[in-house]
Amino acid sequence: MKPCLLLLCSLFFAFVQVQAQRMADSVVYLHTLPADGIVLDKGWKYLSGDNPAYASPEYDDGAWETINPALDIYDLPQIPKSGIVWFRLRLITSLDRQLALIIQQSGASEIYLDGQLIHRFGVVSSNPANVEAYDPLWKPVSFPIKKDTIQVLAVRFARQPNIRYTTMYTTNNHALWMQIKDVESGVSFYEQQVSHFKLLHIFLIGVCFLFCVLHFAFYLFYPSQKANLYFAMFALFYVTAIVLQHIFYLEAHEVEYKFFLANFSFVFFMVGNLFLLTAIHYLLKQKKDLFYWSLVVYVIISFFLNAGPYRWGRLAGGVLAQNLIHINILRISLLALRRQNRGALIMVAGAMLNFICFVIFLVPGTGNTDFFLTISPLPTVLFNIYQLGIPMAASIYLGLEFAFVNDSLQQKLKEVNELSEKSLAQEREKQQILASQNEILEQQVTARTAELKLSLDELKSTQEQLIQREKMASLGELTAGIAHEIQNPLNFVNNFSEVSTELVEELRVGPFLKLPEGDRKEAGDMLEDLDRNIFKIHHHGQRADAIVKNMLQHSRVSAGQKEPTDMNALTDEYLRLAYYGFRAKDKGFDANLVTEFDSSIGKVEAVPQDLGRVLLNLYNNAFYATQEKKRQLNGQYQPEVKVTTHRLDGRIEIRIRDNGTGILEHVKNKVFQPFFTTKPTGQGTGLGLSLSYDIITKGHGGELSVATEEGEWTEFTVVLPYVPIAKEPTLHTAP
């Protein structure tokens, strides 16, 4: 019996010891905290599935699988692409300070400490469509752990389905990477990381932007050097790529966007490298050979390689393609150096420096590190030299080339100036010989040209005057004929009215006195009426005779000789003549006559008879237009004709404006054509305005124009050259 009890006790103590050892092995002890912190990559338990009880510290996770969640997401096949999993870790610390967690993750997580939710990053959901992966990057978060107490850290984790991950820029896609630091170290680490990338990117963007502006300006100044244009395009694409890279590093917390940001920035980097390669081909005068076009094809393939296979796609696409371009630049630089191209040594030095920095960067522990680790100065310096070695060399080479070209142009300009001075000296001698001869010839040509021009002007003036005289002579003959025909019966009326007056007077002093007293009163009244009638006949006959004489006077053939004429008096005289003549035809016609005469005009050289015909024609047209409008409006309208004269610089304007019917827009340009009239058939000949136009333009060298608004008004403008008449000196007789 005792042996059995002893055996049972031994087994019990062994089981208790094993359980105690198992518990001790599964607890992470934090006794010291290095400056770099402690990465929590051991002691984790893992289970696929979801249960709120998994967060409880009392839950037994002994049957759970051991896992290192800090590994790459593709190195943990047990984590499904969709669905919720849990990680649990027991830890204890003897540190008496405030701690912080620095987290990087490729999914969404909820972090529990002893069953209490302390942080949530992204959206964890049982519905895969609602999961949103979120990467907090370097920002530290509080970690309220208790001293000398075993606590359970539980993480509810889910991957976002249908998103892709990238290893661009030597990054790792940790499933769940946690590092414990004290708060001060965590904040300092975060500020260093952010400051490092900001300064690095600002420096690269500033340098590339300066390259872009500088070499584009070089290209505008010297377009034949196309290397400047391609180099400016390289810098522009690099600026865009670095901006996208900056967003990838510091701003892209949503994991699904990182893949696109990385690949877009890579595309801009590679296209920029092709522009750089093209610029150097132009700069070194190297033809685009098979190597060049092979690299162009490989860069296009690298777009798909980089976005395709995980890990090695980046190496085969991004890293290899970029370095093949740099190696080819080194190759063509060496070829240019062999040809002894000016400045080729600069490009060789830049390409060699680029190659050396890349080799050093590949040394383990020097440059190819996770960007979440603390950035040391050496990789940063190597990276900057690697990125800017060749561009700096190319920029210096282009600057020197620009300086060489400028010096060459200055030298050529100097030679051209010297040759120009010699040529000018010879030309001056020739010019001095020819100057005197040319001067004599020019004087002769000028004199003869002036004579010919004067003769031509006189000939044209004579022709116009002859034509005008013919027109005026024809019109004068017609008017004179009519006036003569009227003169005979008018003389008969005037003569018999005088005879009748004498007969009435003889009747009054003779037979009238012999009438009986009773008949004398009635006969006297009849004699008075007869006397008044004869007086009116005689009066109006004399008036008609004056009109006929005026017609005869104006019908005389004008000699076309200009004489001093008072323009205001002539304008007013014919306005009154036209108005009373129009009223004689229509007793009911009435119009307001408004005149504004410029008193500074005085007398000018003109042909008064011809101008009188023009004014009479324009006044009659104005009165006719107002009469027609009054008839159309049934008398509800007051006609008005306004006449103004103005003296302007070297000319006189006479404006005749009426408020009549106006002229249709489509016929306005025809009113000065011969035989064109807007009046009804039988009321106009269509010659008045045509003749007036010839008198003004050809007879007086002036202008006649019309402005109108249909149904509202019409204004004719007569413009005449102003040649004032000098006043004759007053003669004073001696007393």
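Reply: What follows is a set of questions and answers on charged and aromatic side chains in this predicted model.

Me: How many salt bridges does a search of the whole structure find?

Reply: The search finds 18 salt bridges.

Me: Why is the contact of R90 with D61 called a salt bridge?

Reply: The closest N and O atoms of R90 and D61 are 2.9 Å apart. The cut-off is within 4 Å, between a side-chain nitrogen of Lys or Arg and a carboxyl oxygen of Asp or Glu, so the pair qualifies. Side chains of opposite charge can pair when their charged atoms come close.

Me: What makes this pair a tie between parts of the chain?

Reply: R90 lies in strand β5 (residues 84-93), while D61 lies in the loop between β3 (44-48) and β4 (65-67).

Me: Are R90 and D61 buried or exposed?

Reply: Buried means under 20% relative accessible area. R90 has 11% relative accessibility, so R90 counts as buried. D61 has 3%, so D61 counts as buried too.

Me: Why does the contact of D572 with R576 count as a salt bridge, and where do the two residues lie?

Reply: Their closest N and O atoms are 3.3 Å apart, and that is within 4 Å, so the label applies. Both residues lie in helix α10 (residues 567-585), 4 residues apart, about one turn of the helix.

Me: Why are D572 and R576 called partly exposed?

Reply: Partly exposed is the range between the buried limit of 20% and the exposed limit of 50%. D572 is at 24% relative accessibility, so D572 falls in that range. R576 has a relative accessible area of 32%, so R576 falls there as well.

Me: What is found at R651 and E653?

Reply: Their side chains meet in a salt bridge, 3.7 Å from N to O. Salt bridges that share partners join R651, E653, R655, R657 and E715 into one network. R651, at 33% relative accessibility, counts as partly exposed, whereas E653, with a relative accessible area of 8%, is buried.

Me: How many aromatic pairs are found, and why is the pair of Y74 and Y310 called tilted?

Reply: The search of the whole structure finds 28 aromatic pairs. The ring centres of Y74 and Y310 are 4.1 Å apart and their planes are at 40 degrees. Stacked needs under 30 degrees and edge-to-face over 60, so this pair is tilted.

Me: Where do Y74 and Y310 lie?

Reply: Y74 is in the loop between β4 and β5, and Y310 is in the loop between α5 (290-307) and α6 (312-338). These parts are 236 residues apart in sequence, so the pair ties them together. Y74 is partly exposed at 42% relative accessible area, but Y310 is buried at 17%.

Me: What makes F234 and Y238 a tilted pair?

Reply: Their centres are 4.6 Å apart and their planes are at 50 degrees, so the pair is tilted. F234 and Y238 are 4 residues apart in helix α3 (residues 226-251), about one helical turn. F234 is buried, with 1% relative accessible area, and Y238 is buried with 3%.

Me: Which residues are linked into a cluster by ring pairs, and which residue lies over the face of W64?

Reply: The cluster holds Y54, Y59, W64, W86 and Y112. R88 lies over the face of W64, at 5.8 Å from the ring centre.

Terms used
Residues are numbered from 1 along each chain as its sequence is written. This is a predicted model: local features need pLDDT of at least 70, side-chain atom pairs count only at pLDDT 80 or more; totals for chains, interfaces and linings use all residues. Side-chain values use heavy atoms; hydrogens and water are left out. Buried means under 20% relative accessible area, exposed over 50%, partly exposed in between (1.4 Å probe, protein chains only). Rings of Phe, Tyr and Trp (its six-membered ring) pair if their centres lie within 6.5 Å; planes under 30 degrees apart count as stacked, over 60 as edge-to-face and the rest as tilted. A charge sits over a ring if NZ of Lys or CZ of Arg is within 6 Å of the ring centre and within 35 degrees of the ring normal.
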